[in-house]
Amino acid sequence: MESNDHTPRTRQSRQSRHTHPTHPTRHAHPTQDPRQIHGTRSGGSGGPGGRTGATPIPAAPAAPATLATPSALAELVRQTRGPVLVPGGEGYDAERSGFQRAYRHRPDVIVGAECAGDVVAAVRFARAQGLPVAVQATGHGLSAAADGGLLISTRRMAGVRVDAAAGSARAEAGVVWGQVVEAAAPHGLAPLNGSSPGVGVISYTLGGGVGVLARTYGFAADQVRSVDLVTADARQLHVTADSDPELFRALLGGGHGLGVVTAMEFGLVPVARLYGGQLVFGGERIDEALAAYLRWTETVPDELTSSLALIAYPDLPQLPEPLRGRYLAQIRIAYTGSAEEGERLVAPLRAVGPRVSDELREMPYADSHTIHRDPSDPHAYDGDNALLSGLDVDALHRVAVLTGPDAPTMCVLQLNHLGGAMAKRGGPEEVAGSVGHRDARFALRLLSPLPGAEAGDGLGADTGDDRGADDLGADDLGADGPGDGGTGADGRGADGRGSGEAASEGPGAALAAVRALHAEALAAVAPWRIGRSVNFLFGSHGERPDAAEVARSVHDADEHRRLAGLKAHHDPENVFRFHPSEAATADRTPAAVTTARG
């Protein structure tokens, strides 16, 4: 993790500075009840532009961050609608925890923002106190955990508004995709959401957003019409293609770290139903399924978006009988055409042979989350990916062998078919965003559980997870059906093998084993590799030996330099510094993929 103006501190030293002799929770002023202070707060306008034009505050001091004084914290409480939390206080641990349990923020202060005004107050406070800022809604993409500093939790900012006449929606910072799908469905409209209804709208879109309808309508970022942003100097901006074309373009695919997005308006598409679901083949058919899928992707129209996943399920009683101990290939399909034409298009896949299950059907778009059946329970995981210009069946088979039932640690492989509308630049106003490597034909994604990293602070502390197989919840394994994230928290594969030995040596050993496996598997597709997708980078990749290469791989060289320049302009003090790949460019300016995602 970069230190810049923030020196990492031990857990003991943080706690000692937060302890007050008479008010150990330190939620508010040391002589007043926190609720009384909240009742007399000032400021906190939540509307877009409520604080537009505020005078920029002075640059943060260069000295390491120090704990705020009680009076400063009390003033922060008066200026915010949402709670202000510190270590040891009620609600602190729950607020800092997200879906990704391998890493947990350990900030000095948390602001549970309820409106844009709370975000402004939080950023102004952080700058005045010399604290770096992290942002979290759901925590699905959390990679760089804040050790100290200030965390803005946006999950309370959950307003959604659909304008059916304009074909658009406005979502606040804490909204998840399931909310937008539900709000748009009665109007026969759909957003460009991802496979999981619990993923946050904002961070997903800032990273580009490869969704259920991606080949038909492009990246989620391509539909953005405006962004409400709080900058590093605590100003509120309403950013559009007309108001600031350069910043607007940067936010659409490279926007992490340029500010805190408090709301976003984006276009909806006229989709009310789909033909889709899964075809699932057993391990004995996997070679044929891989070859058939690659051939098939060369023939399908842009109206069909699909992916292939390989999962070795543990032999555990929590799983449905058809999944226990099975190595399965799942082909997930979403087609916006008719069911009759869909049946014709999938015939070559069905010709592979008997299926474990065949769930292709007509469905309302509101049921699109059932195509992938992503797990809903938080768990610990790490993931890497490669964007590919092409792929041959021998290389894919090699990756399958490396990550299959005989792998040293459990690994879920997913291959997304890209192209179609994703390869075309533009959006509602024909302003190209900064999504990297649009010419990629496939995204190869690897995801592994991290045994022993879920307790306490995950990989950020010397803790372990003592849960055995009998303690695992069904959702840990995607037990509602074959799913994208169907990984057991103990990391075991079909025969109970996997990362148990590494887990017994601690979470760090498990992470090392996972990273080694992912590197070996991705090396098999090196001839076609053109970069990475920031949306599918999971884990603290900023601490890798090749962290600089990881940061540069998200965009081409020219785009990377442009985004780094914008980051330097909009956040010269690097206030927003917790991000997927923390490596700095040659001029020490982080790539514009900063702030903790999700």
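Modeller: The salt bridges follow, pair by pair.

This is a predicted model, with local features needing pLDDT of at least 70, side-chain atom pairs counting only at pLDDT 80 or more, and totals for chains, interfaces and linings using all residues. Residues are numbered from 1 along each chain as its sequence is written, and side-chain values use heavy atoms, without hydrogens or water.

Searching the whole structure gives 27 salt bridges (a side-chain nitrogen of Lys or Arg within 4 Å of a carboxyl oxygen of Asp or Glu). One of them joins E95 to R156, with 2.7 Å between the closest N and O atoms. E95 belongs to helix α4 (residues 92-96) and R156 to the loop between β4 (150-153) and β5 (160-163), so this pair ties together parts 61 residues apart in sequence (helices, H or I, at least four residues, and strands, E, at least two, are DSSP runs numbered from the N terminus). E95 is buried at 3% relative accessibility, while R156 is partly exposed at 30% (buried is under 20% relative accessible area, exposed over 50%, partly exposed in between; 1.4 Å probe, protein chains only).

D302 pairs with R215, the closest N and O atoms being 3.4 Å apart. This link also spans distant parts of the chain: D302 is in the loop between α10 (286-297) and β11, R215 in helix α8 (residues 214-217), 87 residues apart. D302 is partly exposed at 30%. R215 is buried at 4%.

D546 meets R544 at 2.8 Å between the closest N and O atoms. Here D546 is partly exposed, at 28%, and R544 is buried, at 14%. Both belong to a salt-bridge network that links D384, R532, R544, D546 and E549.
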